[in-house]
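This briefing is meant for a reader who is meeting the structure for the first time. Please look through the sequence and the model before turning to the points below.

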Amino acid sequence: MHNLFRRLDGWLFALLLLVAAGALGYLSTRYAHESDWTAKGPPGRGGLPAALSARQA
Amino acid sequence: MTFFAVMRLELRRLFVRPLGWILAALTLVELAWRYVLLLGNFLGAQIHLAALPGGPGFTDMVSVPLFSSLLTGGMLPFGLTELALVIVPLLTMSTLAGERNNGTLSLMFGSGLSAWSIVYGKYLALLVWLLLWLLLILAMPLSLAHATTFDWGKLAAATLGMVLLLAALAAVGIACSAFTEHPPIAATASILLVLALFIMQLGAQAVGVNNGLINWLALPSHLEPLLRGLVSTTDVLWFVLLIVLALALATRRLTADKERG
C-alpha cells in the first residue's frame, strides 16, 4: 500500500509538472515578444534594418 | 561533498575519458568539412551576390548554416544540430545510469549529497563541456572575421539558439539517464525522445495535419527562428521549460531512489 502511494505521488508530481509547463507554454504564445537581431531585418522589409523600418512606418 | 565537488568530479571524468575527446575530434572534422563546402559555395556565388542589394552575406551563407541542416537541406554533411542530437545523448548516457550501475550512486547519497546537487552538478559540468565544444566550432567562421563583414546580431541569435539546444538536449539526456540502470538504454531513450521532438512536425505535415499543439511541441519550430535571427520569448521559454521539466523529473527520480535506500 505504501509503495502504491509512493508511485502515485511520483505520477502526480510528473502530471502537475507537465500541466504547469503546458500552461506556461500556452501563456508564452499568447503574450509573445519578438525581437529581430539581424542587421538587415527579415526578408520583405527592403533590406532595411528592422529599427529603421519601424521608424519609417 | 558539495554541488561544486560533483561538478568538478564530472568535469574531470569528461576530460579524462577518451569518449569526449573522440566525439569532439570526429564532430570537429565533420563540421570543418561542412564549413569548407559552405565557404566554397559562398565564394562561387559571390559575383551573383554582389549584384543583389541586401543579398545574403557570409553570416547567412556560411556561419549560421554551419549550425544546422534546417537552412541548407540535405545536400551537405550534417550541421551542428543534427550531430548534437546523437553526441549529447552519448555523453549524458552514463552520468546517472552509470553511477547506479556501478553502485556509486548509493555511495554519493551516503556521503550526504542531495539529489539536486548530484543532478545539477553533473548537468553544469556537461554544459561547460558542451559550451567549450560550441566555442571551438564558432572559431571556424570567426577566424574570417577580419576578412569579411559579419552580421553579428544574426550570429548572436543563432549562437543563443545553439546554447539553448545543447542545454535542452543535455537536460533530456540526464533525465533519461536518471530513469534507468543501463547507459545504452538511457542513450537510446534520449535519442528517440529528441528525434521525436525533431521530426514530429514533419510527420504531421506529411499526413496533412497542421496542428498548433504539434507545431508548438516540435523542436525545429523554435530553433529555426533563432537561426534566422528572430528572438522570441515563446521560443526561449520553450527551451527553458524543457530544461526545467527534464531536470525536475531527474531530481524527483533520484530523491525517490534516496528515500528507498
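What follows is a short tour by topic, from one chain to the contact between chains and then to helix pairs and single residues.

The model is predicted, and the values given here are computed from it. Chain A comprises two helices and one strand, and its contact with chain B involves 20 residues from chain A and 22 residues from chain B.

**Chain A on its own**

- Read from the N terminus, the elements of chain A follow the order α-β-α, which corresponds to two helices and one strand.
- Chain A has 57 residues, of which 12% count as buried.

**Where the two chains meet**

- On the side of chain B that touches chain A, the elements that give two or more residues are helix H9 (152–178), strand S1 (230–232) and helix H13 (233–260) of chain B.
- H13(B) gives the most to this side of chain B, with 10 residues.
- Sorted by class, the residues on the side of chain B that touches chain A are 13 nonpolar, six polar and three charged.
- Strand S1 (residues 34–36) of chain A is joined to S1(B) by three bridges, and the two strands run antiparallel.
- Within this pairing, the residue that stands opposite A:Ser35 is B:Val231 in S1(B).

**Helix H1 of chain A against helix H13 of chain B**

- The axes of helix H1 (residues 2–30) of chain A and H13(B) come within 10 Å of each other and cross at roughly 170 degrees.
- Because angles over 145 degrees count as roughly antiparallel, this crossing makes H1(A) roughly antiparallel to H13(B).
- From H1(A), the residues that meet H13(B) are A:Gly10, A:Phe13, A:Ala14, A:Leu17, A:Ala21, A:Leu24, A:Gly25, A:Ser28 and A:Thr29.
- The contact of H1(A) with H13(B) comprises 12 nonpolar residues, six polar residues and one charged residue.

**A residue of helix H13 in chain B**

- B:Leu241 lies in helix H13 of chain B, and, when neighbours within four places in sequence are left aside, B:Leu241 is in contact with A:Ala21, A:Leu24 and A:Gly25.
- B:Leu241 counts as partly exposed because it has 18 C-beta neighbours inside 10 Å, whereas a buried residue would need 20 or more.
- Although 73 residues separate B:Leu241 from B:Ala168 in sequence, the two are 8.9 Å apart in space, C-alpha to C-alpha.

**Helices H5 and H10 of chain B**

- The axes of helix H5 (residues 80–92) of chain B and helix H10 (residues 183–206) of chain B come within 9 Å and cross at roughly 150 degrees, and that makes H5(B) roughly antiparallel to H10(B).
- H5(B) passes H10(B) in a crossing that is right-handed.
- The residues that make this contact include B:Leu85, B:Pro89 and B:Leu90 of H5(B), together with B:Ile191, B:Val194 and B:Phe198 of H10(B).
- By class, nine nonpolar and two polar residues take part in the contact of H5(B) with H10(B), and no charged residues.

**A residue of helix H10 in chain B**

- B:Met200 has its place in helix H10 of chain B, and it is partly exposed, with 18 other C-beta atoms within 10 Å.
- Not counting residues up to four places away in sequence, B:Met200 touches B:Ile214, B:Leu217 and B:Ala218.
- B:Met200 and B:Gly161, which are 39 residues apart in sequence, are 19 Å apart in space, C-alpha to C-alpha.

**Helices H1 and H8 of chain B**

- Helix H1 (residues 3–16) of chain B packs with H8(B) at an angle of about 40 degrees, with axes 8 Å apart, and that makes H1(B) oblique to H8(B).
- The crossing of H1(B) and H8(B) is right-handed.
- Among the residues in this contact are B:Phe3, B:Met7 and B:Glu10 of H1(B), and B:Tyr120, B:Lys122 and B:Trp129 of H8(B).
- The contact of H1(B) with H8(B) has 11 nonpolar, two polar and two charged residues.

**A residue of helix H8 in chain B**

- B:Leu138 is found in helix H8 (residues 115–142) of chain B, and B:Leu138 counts as partly exposed, with 18 C-beta neighbours inside 10 Å.
- B:Leu138 and B:Pro184 are 46 residues apart along the chain, and their C-alpha atoms are separated by 30 Å.

Key
Residues are numbered from 1 along each chain as its sequence is written. Chains are lettered from A and ligands numbered from 1 in the order in which they are written. This is a predicted model: local features need pLDDT of at least 70, side-chain atom pairs count only at pLDDT 80 or more; totals for chains, interfaces and linings use all residues. Axes are lines fitted to C-alpha atoms, for helices over the stretch in contact, and angles run from 0 to 180 degrees between N-to-C directions. Helices (H or I, at least four residues) and strands (E, at least two) are DSSP runs, numbered from the N terminus. Angles under 35 degrees count as roughly parallel, over 145 as roughly antiparallel, 65 to 115 as roughly perpendicular and the rest as oblique. A crossing is left-handed if the near helix is turned anticlockwise from the far one by less than a right angle, and right-handed if clockwise. Two residues are in contact if their C-beta atoms, placed from the backbone, lie within 7 Å. Ala, Val, Leu, Ile, Met, Phe, Trp, Tyr, Cys and Pro count as nonpolar, Asp, Glu, Lys and Arg as charged, and the others, Gly among them, as polar. Two strands pair if DSSP finds at least two bridges between them.
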